[in-house]
Amino acid sequence: MDASKTISCYLSTPFASLKLIKLLLIFLFIFSVNFIFCQEYDPSKKITIHADNQSIEYILSEITQKSGLNFSYNSTVIEPNEIMSFHAVAKTLNEILETFSEQLNLDYKIIEDQIILKKPKKTKSSLKNYTISGYITDKESGESLPGATIRIDGTSTGTISNAFGFYSITLPKGNYTIEISYIGYLNEKRNIELTKDQKLNQILSFNSQILGEVTIQSNEQLELLEKSQMSKIIINPKTLATLPEFAGEVGLVKSLQTLPGIKTHSDGSAFFFVRGGNKDQNLILIDDAPIYNPAHLFGYYSVIIPDVAKEISIYKADMPIEKGDRLSSVIDIRTKDGNMKKFEINGVLNPLMYRFSVEGPIKKEKASFYTSFRHSNFKWLYKQVAPQGDIYMLDFNAKLNVQINKNNRIYYSIFYGKDNLINEANTDRGGIKWSNFASTFRWNHIFGRKLFSNATIYGSQYNYALLTGPTEWVSEIGNLNINYDLTYYSQPQTTFKFGINQSYHWFNPGNLTQVENYSFFPVVQKSQSRKTVFYTNGEHDLSEKWSVKLGFRLPIWTNTGPTIVYQFDSSYQVSDTLIIQDKERFKTFVNFDPRISIKFKVDSSSSIKFSYGIYHQYIQMLSNTISPFSSFEVWLPSGTNIEPQRADQLALGYVKYIRKANLELNAEIYYKFLRNQIDYTPHANLLLNPLIEGELRFGEGKSYGFELLLRRTKGRLSGWISYTYSRTLQTINGLNNNQEFPAFYDRPHDFAIYLSYNLSKRVNISANWIYYTGSAITTPISFYSYNGYTVPLYGNKNNDRLPDYHRLDLALSWQLNKEIDHKFKHNLTFAIYNFYNQHNPVSVNFNKIETRDGNYVVPANLFGTSELMNSQKYLLGIMPSITYKFRI
């Protein structure tokens, strides 16, 4: 039988046909399934994925849905609930997996219908690295933006721009989405293919819809990227517009008193105290040049005009390694560089003050200038009662900014401020005057993509004069500094800074000038000092959760002649006199100041921070009055009789973000141990005293506290609530029986509420309420009679307190333009300082008696037994103001 017949016969039987059909169906099913799965993974198929702030698990499911391949991985390799962003437009699966695995530092492999994710055999460090660098600038003005965040989207890798807007970040070869953000500005994203070193400059636009705010440096991305920085406050001057004003001006110091850890002296004072430090332990810098007196008109106004500043940074701990030698805080003010794109005129007018500024390009995108002038308008207040008076305040700011080429840039800035309170009545001149001068020349140079250099020459001088007739008592302090430092951006996880500073200081503790019989008056010796500082600092991310910053300062302080030095014995009597020749060195201090800070990222919304540092201070202001008006300001250097002041500070902080409610909780505790603190013998004489150092007493102090801040910055209603509990205690040899006592600025409780509400796009209302414990003062514990007079008897130092302070300020800001984006903008601000007219005393006296007509006078040759009455002085009641502002 042939084969065809055999098959035909076989198929002709019903059972055989049914069996063959089953075999064919099984074969076709297996083949079709295999065909379907084989065709499901098409290497050329284009896929699009968009995921903003989604979990890794969600992104994997999206890739699975669109590719048909499942993922397989160990839970130790990735965290499925970790939040990231991932975007791919019309990419193949392999391209998507390449970018995704690079962002998470993983390897992948496709086996049949599975994508296997695993730890890489070849780490990123072994891949070819390239550097992205450039400047972040403002779209409208071309101003550089310091502290801008540059983040690789979907990762924790990133950096921030330095004080001049420059950034550098090194990454492995690959495709990245870079997100650039800055407080108060709209975020920008850039997609780049990194196959070589690139220069990437980015322009950001100001977000005019963001409410005015003082911004704490704890924005989630900034907190993540600033590594271990803590106790830092950043103020964007553009956002101060909604704060209630005093007499038509937004004062920086007065706005800071709503924040935890910063205590102002009182009404009418620019003095402030930070974490238990005295008023001279705060370093105020304008473009790196120190300002020794931040006050205009005794402190009613501040020399720091927010509109002149580009950025203001305040450090309460973990202070920058390159910034000065003070114990308590650094206020670092960067002035505007000037608009690189167009000319602009700004003006402020109110009954007490006027101010104008002009800025614009000298050559567009290459050079610009900025100038500002402010002057008081007080004459209409006093011309009738003091027609011979000459009372005014003024300040002038100017800056020149030139971009020589892409790697070189120079700046020159100048500041001058003056106060004049003089009366020429009846040919007898009397009064006081003081002035601040500061100037800075800076050269920025970029060496390659990773190395940034900053060379600076700056100087400042402060003069204070007391006038009576033709005689002037003048005190003075000045300095000249040369600074050079380098910042090396080694990797995104590692940055180094190192530099050297050489400074020269001169001091005049107060002497008379223009005196006919000069020899009859004592001469207080002038002195000079110089300081050399070496410093270095390194920041490194140890892992996704841990980062550390280590550094140190090595200051070398040397006193030089010519001068005369008096040495004192244990009874503070002169034991020896040293005559120091010109340029002769006679006292040197060398100190090692280490700094360390650590940050631990608890999760994506909270972190814990720790810092420790040793700080030394080599200059001190002598003033033995608690008055907000410091009449005699004497600056002296550390030397034979004055050891450098020292502070050891520990701080621990916790930050938590509550996304749904747009709330941020910031809590910090600190402890500060202070050495070589200065106080004064009772009734110390600081005026025309050659033996002034013998009036000083030295000891130790400690300060500790807890600071809490809850704030909201998004939405029509914004603001914050702050509370501080703190103590500042001192033990001074020879005072208070060598027993511990509270410092004048020891105020246990400090509470503030600030609220801002946008009624519409053009109208904003704000309120500010402040409460704090009264300052510590010394009052009599009893009285006794002597020859018909009542005499007060005093006990422990600072045994009593002034009444508690509280005040409410209100403000309404009205944008006069109906069109918000109009070129000419103008607005009116109505403000009421101390709305309910609270009389907050600044002093209490026990030296007056009550006369028959009900007046209180100081007794003079009065017989009788009239009791001494206590009287209180306050400075300010309710203070309304109206201010007109415009911009062209």
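**Note on a predicted single-chain model**

Within helix α3, the buried residues are Ile 56, Ile 59, Leu 60, Glu 62, Ile 63, Thr 64 and Ser 67; buried denotes under 20% relative accessible area, exposed over 50%, and partly exposed in between, with a 1.4 Å probe and protein chains only. The model is a predicted one, in which local features need pLDDT of at least 70 and side-chain atom pairs count only at pLDDT 80 or more, while totals for chains, interfaces and linings use all residues. Residues are numbered from 1 along each chain as its sequence is written, and side-chain values use heavy atoms, with hydrogens and water left out.

1. **Overall composition.** The secondary structure of the protein chain consists of seven helices and 58 strands. Helices (H or I, at least four residues) and strands (E, at least two) are DSSP runs, numbered from the N terminus. Of the 888 residues in the chain, 53% are buried. The accessible surface is about 40000 Å², and carbon and sulfur atoms account for 58% of this surface; accessible areas come from the Shrake-Rupley method with a 1.4 Å probe, and for residues only the protein chains shown count as cover.

2. **Contacts along the sequence.** Considering contacts (heavy atoms within 4.5 Å) between residues at least 6 apart in sequence, 65% join residues at least 24 apart.

3. **Helix α3.** This helix spans residues 56-67, twelve in number, and reaches 16 Å from its first C-alpha to its last, close to the 16 Å expected at 1.5 Å a residue. The expected span is 1.5 Å times one less than the number of residues. Directly after α3, Gly 68 takes a positive phi of about 90°.

4. **Helix α4.** Residues 93-104 form α4, which also has twelve residues and reaches 16 Å between its first and last C-alpha, close to the expected 16 Å. The helix is mostly covered, with nine of its twelve residues buried.

5. **Ile 78.** This residue is found in the loop between β2 (70-72) and β3 (83-91). Ile 78 counts as buried because its relative accessible area is 6%. Leaving aside residues up to four places away in sequence, Ile 78 touches Ile 56, Leu 60, Tyr 73, Leu 104, Leu 106 and Leu 117. Lys 118 lies 40 residues from Ile 78 in sequence and 8.7 Å away in space, C-alpha to C-alpha.

6. Asn 423 has Gly 430 in β29 as its bridge partner. Strand β30 (residues 451-468) is likewise antiparallel to β29, over 18 bridges. Here Trp 434 stands opposite Tyr 464 in β30. The hairpin of β29 and β30 has three residues between the strands, and in it Gly 448 takes a positive phi near 70°.

7. **Nonpolar surface patch.** Ile 362, Leu 400, Tyr 412, Phe 441, Trp 443, Ile 457, Leu 480, Ile 482 and Tyr 504 form a nonpolar patch, with about 830 Å² of accessible area together. The elements giving two or more residues to the patch are β29 (430-447) and β31 (471-491). Patches are made of residues with over 30% relative accessible area and no salt bridge, like charges being joined within 9 Å and nonpolar side chains (Val, Leu, Ile, Met, Phe, Trp, Tyr) within 5 Å. Tyr 504 is placed in strand β32 (residues 494-513), and counts as partly exposed because its relative accessibility is 39%.

8. **Salt bridges.** The structure holds 29 salt bridges, each a side-chain nitrogen of Lys or Arg within 4 Å of a carboxyl oxygen of Asp or Glu. In one of these, Lys 316 joins Glu 707, with the closest N and O atoms 3.0 Å apart. The pair links distant parts of the chain, 391 residues apart: Lys 316 is in the loop between β22 (309-315) and β23 (329-335), and Glu 707 is in strand β44 (residues 696-712). Both Lys 316 and Glu 707 are buried.

9. **Further charged pairs.** Glu 664 forms a salt bridge with Arg 711, the closest N and O atoms being 3.0 Å apart. This pair connects strand β43 (residues 663-680), which holds Glu 664, to strand β44, which holds Arg 711, across 47 residues. Glu 664 and Arg 711 are both buried. Elsewhere, salt bridges that share partners join Glu 143, Asp 287, Lys 310, Asp 337 and Lys 399 into one network.

Technical notes
Pairing = 2+ DSSP bridges.
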